[in-house]
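Visitor: I would like to learn how to read a protein model, one feature at a time. Please start from the general idea and then turn to the case at hand.

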Amino acid sequence: MAKTHICLSFIILLYIISEGSFTRVNAQGQKEWCVAKPSSSTEELFNNLNYACSIINCQIISKGGACYSLDNLYNLASVAMNLYYQAAGRHYWNCNFGGSGLIAITDPSYGNCIYEFRK
């Protein structure tokens, strides 16, 4: 009986986490970036990219930009989501994107593509 309760509690916890609920465990002042969850669908990535770029300047992911990558939708969406998150004040709800956003505490920058961070 106890094993059943533990298993059920674990399943409920996983469900809550998968719905985009966030628990802040990092110290105040910790650098944070918003990226797409690796499990995000192509449709979610496109929607996130279109939404973020309708509000903020996405020049960095346009052709010729430092983060331009025509063949990597995940990276394009993550950069756009982070630009939106940073511009909107870095509130956890600004990285939700319908449950497909994830707050990272490790800098996701790569090569010449530097993910923006605002204090």
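Predicted model: local features only at pLDDT ≥ 70, side-chain atom pairs only at ≥ 80, totals over all residues.

Visitor: How many helices and strands are in the protein chain?

Guide: Helices (H or I, at least four residues) and strands (E, at least two) are DSSP runs, numbered from the N terminus. The protein chain has three helices and two strands. Along the sequence their pattern is α-β-α-α-β.

Visitor: What share of the residues of the protein chain count as buried?

Guide: Buried means under 20% relative accessible area, exposed over 50%, and partly exposed in between (1.4 Å probe, protein chains only). Of the 119 residues of the protein chain, 34% count as buried.

Visitor: Which way do the side chains of strand β1 point?

Guide: In a regular strand the side chains alternate between the two faces of the sheet. Strand β1 covers residues 33-36; W33 and V35 point one way, C34 and A36 point the other way, and all are buried.

Visitor: How does β1 join β2, parallel or antiparallel?

Guide: Two strands pair if DSSP finds at least two bridges between them. Here four bridges join β1 to β2 (residues 101-104), and the two strands run antiparallel. A36 stands opposite G101 in β2.

Visitor: Which residues does C34 touch?

Guide: C34 is found in strand β1 and is buried, with a relative accessible area of 0%. Leaving aside neighbours within four places in sequence, C34 is in contact with S78, M81, N82, Y85, C95, F97, L102 and Y115. Another pair to look at is C34 and Y92, which are 58 residues apart in sequence and 8.8 Å apart in space, C-alpha to C-alpha. Y92 is in the loop between α3 and β2 and is partly exposed, with a relative accessible area of 35%.

Visitor: At what angle do α2 and α3 pack?

Guide: Two packed helices are described by the angle between their axes and the distance between the axes. Axes are lines fitted to C-alpha atoms, for helices over the stretch in contact, and angles run from 0 to 180 degrees between N-to-C directions. Helix α2 (residues 42-55) and α3 pack at an angle of about 40°, with their axes 8 Å apart. Their contact has 14 nonpolar, two polar and no charged residues. In that count Ala, Val, Leu, Ile, Met, Phe, Trp, Tyr, Cys and Pro are nonpolar, Asp, Glu, Lys and Arg are charged, and the others, Gly among them, are polar. Residues of α2 in this contact include L45, F46 and L49, and those of α3 include L76, A77 and A80.

Visitor: Where is S100, and is S100 buried or exposed?

Guide: S100 is in the loop between α3 (73-87) and β2. S100 is buried, with a relative accessible area of 1%. A polar contact is a pair of N or O atoms within 3.5 Å; within protein, one must be able to donate a hydrogen and the other to accept it, and residues adjacent in sequence count only if both atoms are side-chain atoms. A polar atom of the S100 side chain lies 2.7 Å from the backbone oxygen of F97.

Visitor: What does the side chain of Q86 reach?

Guide: Q86 is in helix α3 and counts as buried at 3% relative accessibility. Its side chain reaches the backbone oxygen of E32 at 2.9 Å.

Definitions and conventions. Residues numbered from 1 in each chain as written. Heavy atoms only, no water. Contact = heavy atoms within 4.5 Å.
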